[in-house]
Protein chains: 2
Amino acid sequence: EITYQSISPSDFFYRNREIAGFSNPSRAIYAAVRELLENSLDACESISIPPKIYLRITEITPSDAERESAVYVLRIEDNGTGIPSEHIPRCFGQVFYGSKYNLKQARGTFGLGGTITVLYGQITTHKPVKVVSSTGVEIHEYEMMIDIEYNRPMILRHTVLENKKGWRGTIVELHLEGDYTRSMSKLYEYLKQTAMVCPYADITFVDPKGRLYRFESATNVMPKPPKTVRPHPHGIDVETLRRMTATSKVKNMKLFMIEQFQGVGVMTAEKFLNFAGIDPKTDPKSLSPDDVVKLVRAAKEFKEFLRPDASCLSPLGEELLSTGIRKELNLTEKDFLRVYQRHPSTYSGFPFIVEAAIALGRSLSKNEEGSKMIYRFANRIPLLFDESSCVVWKVVNKNINWSTYKVSNDTPLVIAVHLCSTKIPYKSVGKEFLADQPEVEKEITNALRHIARYLRLYISRNIRLAKEKRR
Amino acid sequence: EITYQSISPSDFFYRNREIAGFSNPSRAIYAAVRELLENSLDACESISIPPKIYLRITEITPSDAERESAVYVLRIEDNGTGIPSEHIPRCFGQVFYGSKYNLKQARGTFGLGGTITVLYGQITTHKPVKVVSSTGVEIHEYEMMIDIEYNRPMILRHTVLENKKGWRGTIVELHLEGDYTRSMSKLYEYLKQTAMVCPYADITFVDPKGRLYRFESATNVMPKPPKTVRPHPHGIDVETLRRMTATSKVKNMKLFMIEQFQGVGVMTAEKFLNFAGIDPKTDPKSLSPDDVVKLVRAAKEFKEFLRPDASCLSPLGEELLSTGIRKELNLTEKDFLRVYQRHPSTYSGFPFIVEAAIALGRSLSKNEEGSKMIYRFANRIPLLFDESSCVVWKVVNKNINWSTYKVSNDTPLVIAVHLCSTKIPYKSVGKEFLADQPEVEKEITNALRHIARYLRLYISRNIRLAKEKRR
Ligand SMILES: Nc1ncnc2c1ncn2[C@@H]1O[C@H](COP(=O)(O)OP(=O)(O)OP(=O)(O)O)[C@@H](O)[C@H]1O
Ligand SMILES: Nc1ncnc2c1ncn2[C@@H]1O[C@H](COP(=O)(O)OP(=O)(O)OP(=O)(O)O)[C@@H](O)[C@H]1O
Ligand SMILES: [Mg+2]
Ligand SMILES: [Mg+2]
């Protein structure tokens, strides 16, 4: 009389789609656009190609007095890597499938955003998704749906087309129900903030009313791309170590430490294994569960590994961040703008970098609620919701005493914080706010305090000039 | 050079365990206790047995100067339904497996809490979990671990024991690393608030220091248990309808509507199908995708289905909620306490009930931050974190003008809100805060305003008495 059952991952997110960000008709439009745009930007940046993205939302069934949602076709085109034919169906038809499960900075991380977007479109309109992609050779066109109960794609049609122009990239076209009018302002804000941190991207957006929004690129300079790295010993746990010993082919623990981890040289490996009480000649496959636990504990406490390698990160850099902010906020030379990039830091063995900026100027309007205007970014993704639950908001409103920097409640201040990491401490699958991880919080606080000292000089100078003028 | 891979659901939550609530060593202890306790309470209530739960945390490896976390054994015993032997391994060793995927109120809903707790213990200590359970016949003892890469249990040992006393219930014992000292106060608060809404439960907790906390039951009266119901047409979407047509054996749509849905009688079925433009004699298996979409749209707009059946819900009721609050807040007869249960309402076809209470009295201390003390519950689960992101906080602090009820910022007010539903609008897998679903927000607002009117009378009367006293 109690019945037990299992459900597939797609079934889980079908039943709990609010957890993935698809909580209501207007939010669904926003979520769909962002998931697809983030995939396109990742694809271009991974081969250091300036993104050229064309996004269009077309209304095909209008809303009416009875129903506020309309049916739209959402179409996005990019000039990115393209997807190899054999992976296209699972990339969009299977939850927990993707290319971003490694230790390298990217917007994507969970392997479900694209699939959940296709799923949402399917359950509201019963229409298949069309994916056209090429890695430079032939063009593959798939028409498919998701078998939600079994978390697998159902291919309705697969056509191979000639690629005369040598096109490379991806086109996704799907139907979905939503409320574009309600989502409009957040959507526009998302695109604007994306342009702010990706000034090298060219984005065109045509909305259901036929209005064209063009975010032209301001530069062709792109940040240095990230590299995939091996894990750092500080982030190790029992399961990761167990998997490493299962796949490693080396015959002793000393070589194992050097092969599997970053930051471990010959001397360090020896020293660490002695510290951990493990004979360096031990065969990794012969470690007992207690040895594994001993190693994991020792790895967290051993102080002599090299600092985590930050080449897996790709901060924007002060130049690019400056360019983007100046352009999107229309700052003039008289306005104050200071950007600052911190050195790499780590939490739980994952490296991260905080970049921040503060801008102040007449041209900036105050946030409607009279609170400070905060722009939050994680791996170049603008975070627009749940501000008061985010560690960035906590730092700005609780950790920093702005009056000591001569900032009053009326000062039209803009604060921007960008966090890069191979593991962004998202508190939810919907990627809207960050957990108050102590090391991350400390870095954001220090970054803003550093810039605020220059802000104080600027404000003091303006006060002084104003006084002199009055005399 | 771009590698594609899939990961299992357990691997996903292993990599992203903060999303399930296991974000740091102190939070992990809290998450582990709550997930196991919620399972035990569900198990007892589902057979209307007053829960007798024994919870113990034993320290077996202390923390030291280097490492703040210690290793504990967490053990919980209940007198609930027990779990049939063939289901025990998957209940604790497979993510997305459980008995609560149906339309009936319960604390559990995702099918992953118990498994993630076992997973966390395993990756921090490499020790197996021990589960002992009986549904009244034999006692089954399992020692098992999770194969995280494949989301399946690994049974190390399975023993069948004689059950001389006819015991029925479940015992779970696992090792985990954590910081009990930091989690202590939240844990105690969680148990206290659980006792507040489950005054029929008897909970004993022995902590690592050997201190015993006993939450005795205040009554043997239990709320009327919920029943499993069929879905309501307002909540239908394309995927659910498609699955129903695949499993249904009836030959025409008229019988299909009556069989598959609640709130649909013979007359209503006919009327609705005409409204939707579908011939009542159509075979469900012959519906085209366009017909399915037409039906789903029409179902949302049709106004003449019966209101959703709230027998799938189990509110506490005003008596039980009163008892619990009086006991846990030590209210006296002179204090003000008013509870109120709203009629059932719905959102997206899911029924829900709001129960609320306001208490005011000298014995109540003010919340440290000077803000109102808010107790939030969802299906009898106390929500202790992320208060400012929760719709309940929004209602209390934004929707209600307390000064019109003669409440000042110094008034030591306690507000309790309990939401019951077959679909709680959790914003995250960690079950800590609720989305501001419009219908839910409206019901909470109306419930509190209703009680606040009585509060105003009480406060006015006290003011008047105080004035008379002074003359
Ligand atoms: N426009 C695109 N160009 C190239 N590859 C793409 C594109 N869109 C999706 N992909 C591929 O499909 C995979 C799955 O995408 P999906 O959005 O579901 O997950 P993800 O981006 O890896 O993670 P997340 O859920 O965090 O977004 C990606 O990892 C990527 O390899
Ligand atoms: N103490 C218990 N007594 C009886 N059954 C239990 C007990 N603990 C777990 N179970 C069974 O194991 C299943 C899985 O538990 P788990 O906590 O993983 O998921 P859930 O409770 O269904 O959902 P949620 O993830 O929301 O907690 C439950 O659905 C229940 O059937
Ligand atoms: Mg993605
Ligand atoms: Mg559970």
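Asp202(A) lies in strand S9 of chain A, which spans residues 202-206. The model is a predicted one. Ligand 1 is surrounded by residues from chains A and B, so its site is shared between chains. Ligand 2 likewise lies between chains A and B.

**Asp202(A)**

- Asp202(A) has a relative accessibility of 10% and therefore counts as buried, the cut-off for buried being under 20%.
- The side chain of Asp202(A) forms a polar contact of 2.6 Å with the side chain of Arg214(A).
- Beyond its neighbours within four places in sequence, Asp202(A) is in contact with Pro51(A), Lys52(A) and Ile53(A), and also with Arg214(A), Phe215(A), Glu216(A) and Ser217(A).

**Ligand 1**

- There are 25 residues around ligand 1, and those that come nearest are Ser99(A), Thr109(A), Leu112(A), Gly113(A) and Lys431(A).
- From a side chain, a polar atom of Lys431(A) lies 2.6 Å from an oxygen atom of ligand 1.
- On its own, ligand 1 has 600 Å² of accessible area, and the protein covers 97% of that.
- Helix H2 (25-45), helix H3 (88-93), strand S4 (97-98) and helix H4 (113-125) of chain A are the elements that give two or more residues to the shell around ligand 1.
- With four residues, H2(A) gives the most to that shell around ligand 1.
- The shell around ligand 1 contains 13 polar, eight nonpolar and four charged residues.

**Ligand 2**

- Around ligand 2 there are 25 residues, of which Ser99(B), Thr109(B), Leu112(B), Gly113(B) and Lys431(B) come nearest.
- A nitrogen atom of ligand 2 is 3.4 Å from an N or O atom in the side chain of Thr170(B).
- The protein covers 97% of the accessible area of ligand 2, which is 600 Å² for the ligand on its own.
- In chain B, helix H2 (25-45), helix H3 (88-93), strand S4 (97-98) and helix H4 (113-125) each supply at least two residues of the shell around ligand 2.
- H2(B) gives the most to the shell around ligand 2, namely four residues.
- By class, the residues around ligand 2 are eight nonpolar, 13 polar and four charged.

**Nonpolar core**

- In soluble globular proteins, nonpolar side chains tend to be buried together.
- The largest nonpolar core has 238 residues, and the members that touch the most others are Trp402(A), Leu434(A), Leu448(A), Trp402(B), Leu434(B) and Leu448(B).
- Not counting residues up to four places away in sequence, Leu434(B) touches Ala378(B), Leu383(B), Leu419(B) and residues including Val391(B), Val392(B), Ile424(B) and Tyr426(B).

**Loop residues**

- Lys431(A) is found in the loop between strand S16 (413-421) and helix H12 (438-470) of chain A.
- With a relative accessible area of 5%, Lys431(A) is buried.
- Lys431(A) has a phi near 50°, which is a positive value in a residue other than glycine.
- Ser348(B) also has a phi near 50° and is likewise not a glycine.
- Ser348(B) sits in the loop between strand S12 (345-347) and strand S13 (350-360) of chain B, and at 44% relative accessibility Ser348(B) counts as partly exposed.

**Arg380(A)**

- Arg380(A) lies in the loop between strand S14 (373-378) and strand S15 (381-383) of chain A.
- Its relative accessible area is 5%, so Arg380(A) is buried.
- The side chains of Arg380(A) and Ser314(A) make a polar contact of 2.6 Å.
- Among the residues that Arg380(A) touches, leaving out those up to four places away in sequence, are Glu45(A), Gln105(A), Arg107(A), Tyr200(A) and His418(A).
- Arg380(A) and Met196(A) are 184 residues apart in sequence, and their C-alpha atoms are 9.3 Å apart in space.

Definitions and conventions: Residues are numbered from 1 along each chain as its sequence is written. Chains are lettered from A and ligands numbered from 1 in the order in which they are written. This is a predicted model: local features need pLDDT of at least 70, side-chain atom pairs count only at pLDDT 80 or more; totals for chains, interfaces and linings use all residues. Side-chain values use heavy atoms; hydrogens and water are left out. Buried means under 20% relative accessible area, exposed over 50%, partly exposed in between (1.4 Å probe, protein chains only). A polar contact is a pair of N or O atoms within 3.5 Å; within protein, one must be able to donate a hydrogen and the other to accept it, and residues adjacent in sequence count only if both atoms are side-chain atoms. Contact means heavy atoms within 4.5 Å. A residue is near a molecule or strand if one of its heavy atoms lies within 4 Å of it. Accessible areas come from the Shrake-Rupley method with a 1.4 Å probe; for residues, only the protein chains shown count as cover. Ala, Val, Leu, Ile, Met, Phe, Trp, Tyr, Cys and Pro count as nonpolar, Asp, Glu, Lys and Arg as charged, and the others, Gly among them, as polar. A nonpolar core is a set of buried Ala, Val, Leu, Ile, Met, Phe, Trp, Tyr and Cys residues joined through side-chain atoms within 4.5 Å.
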